[in-house]
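Here is a short report on a protein chain.

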Amino acid sequence: MRLFLPFFLLLLGCFAILRNRSQRSIQEQQEAFWAKETKANQTRKQDVSGLDYIQIPLDAFPIGRFNDAELLQEEEKLLNLSKKQILNLSGISNTDLKLAYGAANLPFLSECDANYTQLARAILSYGKQLAEQNHIQEAVTVLEFGISCKTDVSANYTLLADLYSQLGQTAKIEELRQIVLPMDSLMKNAILNHLESLASGHTAQ
């Protein structure tokens with residue numbers, strides 16, 4: 001018991017030191033965050049006219065080509081979005097946006113980012129409808145635009161890969177894999193596994 005007591009006290013001392021360090025680290029992180037947030041809120045409004053706004057290439061899409069109610073509905077979504085300003089601001093915090101462009105621009109930038117989310121969903125939905133109606137090449141064109149916009153919707157990648165597979169365009173599947181590899185996404189591994197299964201299926205044949 002006497003031998004155990006000093007060891008126990010030493011253990012308690014180490015635990016107290018580690019706890020104090022952890023609390024100090026958390027406090028420092030909080031102070032740094034609020035200092036950055038204060039600076040961001042004081043940043044003056046910047047010119048955002050030169051940002052990389054996304055333009056929807058309606059001329060490249062089969063808008064109005066097929067007389068189908070579901071396709072027309074999807075096309076209407078894209079037509080409405082084409083009148084709005086769209087920015088892909090994924091991964092950029094509100095604090096960093098305010099630091100870069102000024103706090104007064106945050107509502108506008110947030111709206112542009114929300115439009116991007118709607119666009120990513122609309123592109124997938126439109127491409128899926130086209131594919132289901134066997135307009136394969138048109139679906140590929142639409143989904144490839146989604147990829148060029150760096151969509152984070154995993155089904156855009158997997159559906160496009162499926163269509164490449166149907167068309168026998170195995171090189172395109174590899175190109176898609178190279179695009180996915182550097183992505184920072186929770187679905188990255190699932191997408192890669194799907195692409196690799198398609199590629200290996202063609203190899204086996």
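The notes below start with the basis of the model and then turn to its cores.

## Basis

This is a predicted model: local features need pLDDT of at least 70, side-chain atom pairs count only at pLDDT 80 or more, and totals for chains, interfaces and linings use all residues. Residues are numbered from 1 along each chain as its sequence is written, and side-chain values use heavy atoms, without hydrogens or water.

## Nonpolar cores

A nonpolar core here is a set of buried Ala, Val, Leu, Ile, Met, Phe, Trp, Tyr and Cys residues joined through side-chain atoms within 4.5 Å. Buried means under 20% relative accessible area, exposed over 50%, partly exposed in between (1.4 Å probe, protein chains only).

The largest core holds 38 residues. Phe 61, Leu 119, Leu 163 and Leu 176 touch the most other members. Helices are DSSP runs (H or I, at least four residues), numbered from the N terminus. Two or more core residues come from each of α2 (69-81), α4 (106-132), α5 (136-148), α6 (154-166), α7 (170-180) and α8 (188-204). α4 gives the most, with 8 residues.

Leu 163 contacts (heavy atoms within 4.5 Å) Ala 131, Ile 136, Ala 139, Val 140 and Leu 143, leaving aside residues up to four places away in sequence. A second, separate core has 8 residues, including Tyr 53 and Leu 109.

## Ser 148

Ser 148 lies in helix α5. Ser 148 is exposed, at 53% relative accessible area. Its side chain reaches the backbone oxygen of Phe 145 at 2.6 Å.

## Cysteines

Disulfides (cysteine sulfur pairs within 2.5 Å) number 0. Cys 112 is buried at 1% relative accessible area. Cys 149 is also buried, at 9%.

Notes: A polar contact is a pair of N or O atoms within 3.5 Å; within protein, one must be able to donate a hydrogen and the other to accept it, and residues adjacent in sequence count only if both atoms are side-chain atoms.
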